[in-house]
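This report describes a protein fold, from its sheet to individual side-chain contacts. Please consult the sequence and the structure shown below while reading.

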Amino acid sequence: MKKKRIGTTELEVAPLNFGGNVFGWTLDEKQSFDILDAFTAAGYNFIDTADTYSWWVNGKGGQSEEIIGNWLKARNNRHEIVLATKVGSETKEHGFDISKKHILKSVDESLQRLKTDHIDLYYTHFDDEKTPVEETLEAYDQIIKAGKVRYIAASNVAPQRLIASFEAAEQYGLPKYQALQPHYNLVERTKFETQYAALAEQYGLSVFTYWSLASGFLTGKYRSEDDFGKSPRGAGAQQYLNEKGRAVLAALDRVAAKHMSNPATVSLAWLLAQPLVTAPIVSATNKQQLAALFEAPLLTLDAEDLSLLDRASK
């Protein structure tokens with residue numbers, strides 16, 4: 001499978017990034033192992049999680065990292081995996097925090113749960129918007145030099161703070177973010193395209209989109225109010241059942257029928273057709289869902305398909 005390089009690093013990843021927020025939430029450990037086995041057996045190597053997944057279940061999180069760590073140990077395949085986790089999100093125990101003190105404490109806790117001696121890509125998950133960017137980058141510099149982290153990335157960081165981080169890195173010789181993880185999909189385009197796309201291009205950031213299927217809405221399984229009880233994630237998709245959302249689903253249905261495919265596959269193929277997107281973050285709770293995801297990198301949308309989806313989603 002063709003892999004793409006992350007930023008200016010030597011890390012190379014296949015074109016789908018598995019999102020580990022389902023581990024310890026909608027999947028138990030055995031089910032998680034089965035999904036991870038199937039994902040890697042298909043040639044994929046990039047796993048994403050966060051230190052606080054799934055804090056909405058137990059108040060503090062950590063379950064996802066623990067499950068991934070147990071899987072890595074059981075399969076003895078750490079050298080084959082590009083592993084990403086994050087720091088800075090809130091829990092019931094603390095607010096958003098990217099202070100040096102919090103990062104130095106959190107990275108050690110993540111390493112322990114993940115049962116590894118290094119994290120390949122370490123994200124600023126959420127900006128607390130008060131810690132000086134130099135302090136955050138100095139913490140990252142310290143843990144990179146200690147061999148605990150290889151490279152850093154950013155997720156929910158405002159454009160001006162992202163720019164300030166690159167300016168500080170340049171001025172003080174500190175590490176630079178190599179990737180960006182934005183909220184971006186066919187029904188959520190405006191923020192990334194107007195505020196972040198130019199920055200991703202300017203700074204050479206690889207883009208890994210989260211909520212790539214809009215909490216499952218873009219799979220097409222939520223088409224009426226009655227459908228939202230189908231899964232624990234249904235409530236998140238409810239906001240998209242409006243005129244625009246229905247137009248996007250209609251366009252997806254049309255393109256899917258043309259290619260004998262399905263809306264989820266087409267939605268991810270659309271993301272992969274965007275020049276800045278390196279690998280969408282995807283999740284699945286069964287192998288049938290995984291199969292639909294695996295078809296996305298194999299589906300090439302033509303100009304007519306892209307135009308139809310563009311019109312519906314704008």
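## The sheet

Eight strands form an open sheet with parallel pairing, in the order E9-E8-E7-E6-E5-E4-E3-E10. Strands (E, at least two residues) and helices (H or I, at least four) are DSSP runs numbered from the N terminus, and two strands pair if DSSP finds at least two bridges between them.

Within this sheet, strand E5 (residues 82-87) pairs with strand E6 (residues 119-126) in the parallel sense over 4 bridges. The bridge partner of Lys86 in E6 is Tyr123.

## Basis of the model

The model is predicted: local features need pLDDT of at least 70 and side-chain atom pairs count only at pLDDT 80 or more, while totals for chains, interfaces and linings use all residues. Residues are numbered from 1 along each chain as its sequence is written, and side-chain values use heavy atoms, with hydrogens and water left out.

## Overall dimensions

The chain has 12 helices and 10 strands. Its radius of gyration is 19 Å, close to the 20 Å that the globule rule gives for 314 residues, so the chain is as compact as a globular protein of that length. The radius is taken over C-alpha atoms, and the rule is 2.2 Å times the number of residues to the power 0.38. Along its principal axes, the C-alpha trace spans about 50 × 40 × 40 Å.

Of the 314 residues, 56% count as buried; buried means under 20% relative accessible area, exposed over 50%, and partly exposed in between (1.4 Å probe, protein chains only). Among contacts with a separation of 6 or more, 76% come from residues 24 or more positions apart, where contact means heavy atoms within 4.5 Å.

Thr52 is placed in the loop between strand E4 (46-48) and helix H2 (55-58). With 2% relative accessibility, Thr52 counts as buried. Leaving aside residues up to four places away in sequence, Thr52 touches Lys60, Gly61, Gly62, Ser89, Glu90, Thr91 and His125.

Glu135 belongs to helix H5 (residues 133-145) and is partly exposed, with a relative accessible area of 26%. Glu135 and Ser99 are 36 residues apart in sequence, and their C-alpha atoms are 6.7 Å apart in space. Beyond residues up to four places away in sequence, Glu135 touches Ser99 and Lys100. The side chain of Glu135 reaches the backbone nitrogen of Lys100 at 2.9 Å.

## Aromatic pairs

A search of the whole structure finds 17 aromatic pairs. In one of them, the ring centres of Tyr44 and Phe294 are 5.1 Å apart and the planes stand at 15 degrees, so the pair is stacked. Tyr44 lies in the loop between helix H1 (29-41) and E4, and Phe294 in helix H11 (residues 287-294), so the pair ties together parts that are 250 residues apart in sequence. Rings of Phe, Tyr and Trp (its six-membered ring) pair if their centres lie within 6.5 Å; planes under 30 degrees apart count as stacked, over 60 as edge-to-face and the rest as tilted.

Tyr44 counts as buried at 4% relative accessibility, and Phe294 likewise counts as buried at 17%. Together with Phe18, Phe23 and Phe39, Tyr44 and Phe294 form one aromatic cluster.

Key. Polar contact = N/O pair within 3.5 Å; in protein donor to acceptor, adjacent residues only side chain to side chain.
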